[in-house]
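Student: Could you walk me through reading a few features of this model?

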Amino acid sequence: VIVSRTLYPSQINELSICAFVIKKQKLDDLLEFIVNNGGRVVSAVPCAGVSRNEIVDAINGYSFGFYFVLAMCQKEITDIFMMNVVKELEINKHTNGKAFVLDVLGYMGAKGPFVE
């Protein structure tokens, strides 16, 4: 069980940035999961997806079917957080999306605006 805690500037080196490329239909579920499980949503922007055909469609003017979502959570819960979100939203299934962690150590410019 993940317990949600407030993130503070003094914890900058204890945070991980989690990145997701997720189907548009699963966006609301992902954002709700992040907020309810100890993370904080940083950004959610439309994107072209990760396959060649989706990128070609985006270039040709078709609508974007995916969102790129950045979230933050504490390093101590990152593994279980990511494991649970992948399981809950079935991100590991073909065409549902991708998830990965960006470890940014001590860069206040990258992490600072997203903590209280």
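Student: First up, are Phe33 and Phe81 buried or exposed?

Tutor: Buried means under 20% relative accessible area, exposed over 50%, partly exposed in between (1.4 Å probe, protein chains only). Phe33 is buried, and Phe81 is too. This is a predicted model, so local features need pLDDT of at least 70, side-chain atom pairs count only at pLDDT 80 or more, and totals for chains, interfaces and linings use all residues. Numbering starts from 1 along each chain as its sequence is written, and side-chain values use heavy atoms, leaving out hydrogens and water.

Student: How many aromatic pairs does the whole structure have?

Tutor: Rings of Phe, Tyr and Trp (its six-membered ring) pair if their centres lie within 6.5 Å; planes under 30 degrees apart are stacked, over 60 edge-to-face, the rest tilted. The search turns up one pair. Phe33 and Phe81 have ring centres 5.9 Å apart and planes at 50°, so the pair is tilted. Phe33 sits in helix H1 (residues 27-36) and Phe81 in helix H3 (residues 75-89), 48 residues apart; helices (H or I, at least four residues) and strands (E, at least two) are DSSP runs, numbered from the N terminus.

Student: Where is Lys26?

Tutor: Look in the loop between strand E1 (15-23) and H1.

Student: And which residues is Lys26 in contact with?

Tutor: Contact means heavy atoms within 4.5 Å. Leaving aside neighbours within four places in sequence, Lys26 touches Leu89, Glu90 and Asn96.

Student: What order do the strands take in the sheet?

Tutor: Strands pair if DSSP finds at least two bridges between them. Here four strands form an open, antiparallel sheet ordered E2-E3-E1-E4, with E2 (40-47) and E4 (97-102) as the edge strands.
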